Amino acid sequence: MSQEYSILMAVYRKDNPDHFDLSIRSMLNQTIQSNDFVIVCDGSLTDELNQIIENHTRNNDKIVIHRLSENVGLGNALNAALPLCKNELVARMDSDDYSLPNRIEKQLKIFQNNPNIDIVSGFVEEYDETMTNKISIKKLPLKHDDIYKYSKKRNPFNHPTVMYKKSKVLEVDGYKHLYLYEDYYLWIRMLLNGARAENIDDVLLNMRTGISMIKRRGGYKYFKEGMKLQKYMFKRKHISFFRYCYNSLVRFVVQVILTHSMRKIFFVKALRKTNNE
């Protein structure tokens with residue numbers, strides 16, 4: 001397997017310029033460098049974000065900027081930019097997180113050792129929004145069969161850490177717009193289409209969380225969008241009727257009934273490994 005890979009990142013006007021800058025730098029400082037870094041601008045950007053882009057592209061012709069005339073959402077923005085990635089292997093990266101320097105090296109090793117693998121993700125260490133206080137580690141099952149089983153109840157990959165084969169994503173027509181569920185919806189369609197997956201037993205990325213993320217992961221709109229995915233999985237026989245009902249009930253309680261502070265406790269205590277474990 002070739003060592004060549006593309007990086008795919010989306011940015012929009014509400015992103016923090018300092019976080020965006022750090023995120024780009026974390027990918028430029030990988031132990032194995034990329035020859036293709038595609039950044040899609042999801043609508044018009046602030047002057048500060050544009051200045052970050054100018055700073056990085058001034059002396060780096062490997063960075064490709066694709067500008068969309070209006071904000072279309074993460075899934076649609078990534079779909080617009082994915083065909084521009086010139087390599088088969090594509091590493092996703094968010095505009096406010098920090099990839100550890102050997103993240104890509106570890107992922108490429110998985111693809112090299114097992115050419116049948118199509119998706120590789122890993123653990124993330126979650127911090128507060130300032131990236132100074134560690135909160136927890138989001139762990140996932142490692143092997144394909146366990147990942148497939150886990151996908152029936154929760155998202156089986158950490159999206160900002162994912163590296164995938166571009167052709168396998170295009171086989172299922174890429175990302176589909178589903179508010180805050182674009183990636184989970186994509187993974188389900190890829191797994192049902194025969195894609196093979198593996199997660200690395202190690203932290204690959206530091207992720208900003210905090211109350212703003214907790215708020216986004218709650219509310220009736222978020223619940224309603226998630227139910228569209230649950231109905232899709234049930235229709236495709238990926239989950240049983242019992243699992244459909246159970247998933248729906250848990251999500252309604254956590255996303256609609258619980259307050260933001262209660263939801264934060266639930267995420268950390270029930271769904272994560274804390275730093276003391």
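Author: With accessibility: buried means under 20% relative accessible area, exposed over 50%, and partly exposed in between (1.4 Å probe, protein chains only). The model is predicted, so local features need pLDDT of at least 70 and side-chain atom pairs count only at pLDDT 80 or more, while totals for chains, interfaces and linings use all residues. Residues are numbered from 1 along each chain as its sequence is written, and side-chain values use heavy atoms, with hydrogens and water left out.

Reader: Why is Arg25 called partly exposed?

Author: Its relative accessible area is 42%, which falls between the limits of 20% and 50%. Asp21, at 17%, is buried.

Reader: What makes Arg25 and Asp21 a salt bridge?

Author: The term requires a side-chain nitrogen of Lys or Arg within 4 Å of a carboxyl oxygen of Asp or Glu. The closest N and O atoms of Arg25 and Asp21 are 3.0 Å apart, so the pair qualifies. Both residues lie in helix 1 (residues 17-28), 4 residues apart, about one turn of the helix. Helices here are DSSP runs (H or I, at least four residues) and strands likewise (E, at least two), numbered from the N terminus.

Reader: How do you know that Lys165 and Asp118 are buried?

Author: Lys165 has 9% relative accessibility and therefore counts as buried; Asp118, at 4%, also counts as buried.

Reader: What makes their contact a salt bridge?

Author: The N to O distance between the side chains of Lys165 and Asp118 is 3.7 Å, which is within the limit of 4 Å. Lys165 lies in strand 8 (residues 163-165) and Asp118 in the loop between helix 4 and strand 6, so the pair ties together parts 47 residues apart in sequence.
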